[in-house]
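The tour moves from one selection to the next.

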Amino acid sequence: MNGFLLLTLLASTATGDLHIESLFPFHPLHNHSSSIVELPDGELFAVWYRGSGEGGADDVQIMGARKSPGGAWSAPFVTADTPDLPDLNPVVFLDPQQQLWLFYATFLDNSSTGVLMKYCRTKNYNGDGPVVWEKQNVFHCRPRNFEDRYGALLEEIAVARADDIKQNEKLRRICEQQKELAKTKIGRRLGWMSRTVPIMVDENRMMLGLYHDVFACSITACTEDGGDTWSFSEPIQDVYLGGLQPAFGLRSNGTLVAFMRDNGKPKQIRTSESRDKGITWTTVVPIEIANPGSSVAVLQLKSGAWILVCNDLKKGRHRLTVFLSEDEGRTWPVRRVLEDIGEGNGEVHYPSSIQTADGSIHLTYTYSNPGPRSETIKHAWFDEPWIRAK
């Protein structure tokens, strides 16, 4: 495998038990929304999307790179591409059967209402370069009870937020679009996107979080037969909407907990719970940790502790922080800043996290320079004692 020798070419840092490097040199195209997985041989495999824009740019592709144990990251390669259409928000996951998954969203009409979710599966992932995907399919999303549940929510919003709607023309337009879209089957079934890693609810049930930019809410997609069939949950929602990109934890009593970015207000991480394996969800509520409308990552460690990685700011994405919980996500008393580049100096955002077989915690995230676009994907790794050592 040919590496970039990034430790020499790029500004890679190591402070105590924290190590940070870049997957590739700063690039003029948009490089964003990464995900990382450890393969059975200890190799790391990361994915992200690259192109001249996002859903409106037809040149966006899903990129990948590999890092062998003790080695450098390989040169980036295309790992999925729908010709002349933008592919975004890739997620990689290795299931208990050692099957590698790739989830991503294709924008059929360059709009957030025309998104089609896709997935690939394979056990043929060893070697250099692109993974060989053996099976590929699309999601036919049919959210459970969506018309009734979301319709009732829109009626509640019309009353509870009457003053907001009256005073905010943009909000009025959004509410009207939501009402019209929710009336149609195609409107309810397209537009759902991935962002965060799936979770195994039990030995067979895999659950993936999906979100919708127009409906400003989330759902879950579940399979119990290795991806041959899928079922979908009721919406995860509340009157302020904006609970997006759910990342999950599973408590010892079987309760699933979703942690979401806040695209509305009060600009705090949102949370919801499910006690029926992800089918129905409690009303979304905020927790104390700030969120500027940026993706979060949640990871259950082998020790039993949970970590939450996010931009803990009301405004801006220039600080990335790791929180630790010892009560299964109820409180987050331990906090350590991973990277703070200062307001106005760019963004460090959209984390994805895993724990490898040796107990190390690995993150990938986007590093965006200000001014003319220049971005890379960073890779950080550390251990649980580093988080606790304030």
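Predicted model: local features only at pLDDT ≥ 70, side-chain atom pairs only at ≥ 80, totals over all residues.

Residues are numbered from 1 along each chain as its sequence is written, and side-chain values use heavy atoms, with hydrogens and water left out.

**Stop 1: the core**

Select Phe103 and Phe139, the residues that touch the most other members of the largest nonpolar core, which has 58 residues. Such a core is a set of buried Ala, Val, Leu, Ile, Met, Phe, Trp, Tyr and Cys residues joined through side-chain atoms within 4.5 Å. Buried means under 20% relative accessible area, exposed over 50%, and partly exposed in between, with a 1.4 Å probe and protein chains only. Strand E8 (residues 100-107) gives the most to this core, seven residues. Helices (H or I, at least four residues) and strands (E, at least two) are DSSP runs numbered from the N terminus.

Now show the surroundings of Phe139. Neighbours within four places in sequence aside, its contacts (heavy atoms within 4.5 Å) include Phe103, Leu116, Met117, Trp230 and Phe232. A separate second core has 23 residues, among them Ala297, Val322, Ala380 and Ile387.

**Stop 2: serine 194**

Select Ser194, in the loop between strand E11 (192-193) and strand E12 (199-200). Is Ser194 buried or exposed? Its relative accessible area is 0%, so Ser194 is buried. The Ser194 side chain reaches the backbone oxygen of Asn89 at 2.9 Å. Beyond four places in sequence, Ser194 also touches residues including Phe103, Met117 and Tyr211.

**Stop 3: the largest pocket**

Select Phe93, Val197, Leu299, Ile354 and Gln355; of the 34 residues that line the largest pocket, these are the closest to its centre. On a 1 Å grid over the protein atoms alone, a pocket is an open set of points where a 1.4 Å probe fits, with protein on both sides within 12 Å along at least five of seven lines; lining residues have an atom within 4 Å of a point. The volume is about 780 Å³. Strand E24 (347-355) supplies the largest share of the lining, five residues. By class, the lining has 22 nonpolar, seven polar and five charged residues.

**Stop 4: the second largest pocket**

Move to Leu171, Ile174, Tyr240, Asn263 and Gly264, which lie nearest the centre of the second largest pocket among its 16 lining residues. About 360 Å³ of space lies there. Helix H4 (residues 169-182) gives the largest share of this lining, four residues.

**Stop 5: serine 34**

Select Ser34 in strand E3. Ser34 counts as buried because its relative accessibility is 0%. Draw the 2.9 Å polar contact between the side chains of Ser34 and Thr364. Other residues that Ser34 touches, beyond four places in sequence, include Trp48, Arg195 and Tyr350.

**Stop 6: alanine 258**

Finish at Ala258 in strand E17 (residues 256-262). Ala258 has a relative accessible area of 0%, so it is buried. Ala258 and Thr271 are 13 residues apart in sequence and 5.3 Å apart in space, C-alpha to C-alpha. Contacts of Ala258 beyond four places in sequence include Phe248, Thr271 and Trp281.

Definitions and conventions: Polar contact = N/O pair within 3.5 Å; in protein donor to acceptor, adjacent residues only side chain to side chain. Points joined across faces, edges and corners; volume = space filled by probe spheres on them. Nonpolar A, V, L, I, M, F, W, Y, C, P; charged D, E, K, R; others polar.
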